[in-house]
Amino acid sequence: MKELEILLLKMWEDFGIEYIYKYKNRIKVYRREGLVSYELFCDLTCGTMFTDVEDTANGDDLYAEDCKVSVKVLIERRYVS
């Protein structure tokens with residue numbers, strides 16, 4: 001799965017996506033409040049991908065702003081581990 005994650009992250013980075021967040025196992029583009037958030041990927045493996053991105057659906061007080069993660073940082077993490 002790590003290889004697939006790297007490929008997806010690199011593709012998103014190439015398209016200028018800087019931040020992502022997760023909502024109900026769906027990876028979405030982070031955009032400031034009030035803007036449309038586009039879904040990039042739906043994890044049909046029930047959450048086994050992008051486990052280092054906290055799912056905002058897991059808590060009543062979790063918001064995209066708080067859980068957003070840099071695509072660049074995620075790519076770096078995968079190369080280190």
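A residue is called buried here when its relative accessible area is under 20%. In this predicted model, Ser70 has a relative accessibility of 18% and therefore counts as buried. That residue makes a handy starting point for a tour of the fold.

Ser70 belongs to strand E4. A polar atom of the Ser70 side chain lies 3.3 Å from the backbone nitrogen of Lys72. Once neighbours within four places in sequence are set aside, Ser70 is in contact with Glu18 and Tyr19.

The wider setting is a sheet. Strands of a sheet pair through backbone hydrogen bonds, in either a parallel or an antiparallel manner. Here, four strands make up an open sheet with antiparallel pairing, and their order is E3-E2-E1-E4. Strand E3 (39–42) and strand E4 (69–70) are the edge strands, each pairing on one side only. Strand E1 (residues 19–23) runs antiparallel to E4 and is joined to E4 by two bridges. In one of the pairings between these strands, Ile20 has Val69 in E4 as its bridge partner. Helix H1 (residues 2–14) lies across E1, strand E2 (26–29) and E3, and runs at about 175° to E3.

With a relative accessible area of 24%, Asn25 is partly exposed.

Aromatic rings come next. A pair of such rings is described by the distance of the centres and the angle of the planes. The structure holds two aromatic pairs. In one of them, the ring centres of Trp12 and Phe50 are 5.8 Å apart and the planes meet at 25°, so this pair is stacked. The pair links distant parts of the chain, with Trp12 in helix H1 and Phe50 in the loop between E3 and helix H2 (64–67), 38 residues apart. Both Trp12 and Phe50 are buried. Phe41 and Phe50 form an edge-to-face pair, 6.2 Å from centre to centre with 70° between the planes. Phe41 is buried, at a relative accessible area of 17%, while Phe50 has a relative accessibility of 0% and so counts as buried. Through these ring pairs, Trp12, Phe41 and Phe50 are linked into a cluster.

How values were computed
Residues numbered from 1 in each chain as written. Predicted model: local features only at pLDDT ≥ 70, side-chain atom pairs only at ≥ 80, totals over all residues. Heavy atoms only, no water. Pairing = 2+ DSSP bridges. Contact = heavy atoms within 4.5 Å. Axes fitted to C-alpha atoms, helices over the stretch in contact; angles between N-to-C directions. Buried < 20%, exposed > 50% of the residue type's maximum accessible area, 1.4 Å probe, protein only. Polar contact = N/O pair within 3.5 Å; in protein donor to acceptor, adjacent residues only side chain to side chain. Phe/Tyr/Trp six-rings, centres within 6.5 Å; stacked < 30°, edge-to-face > 60°.
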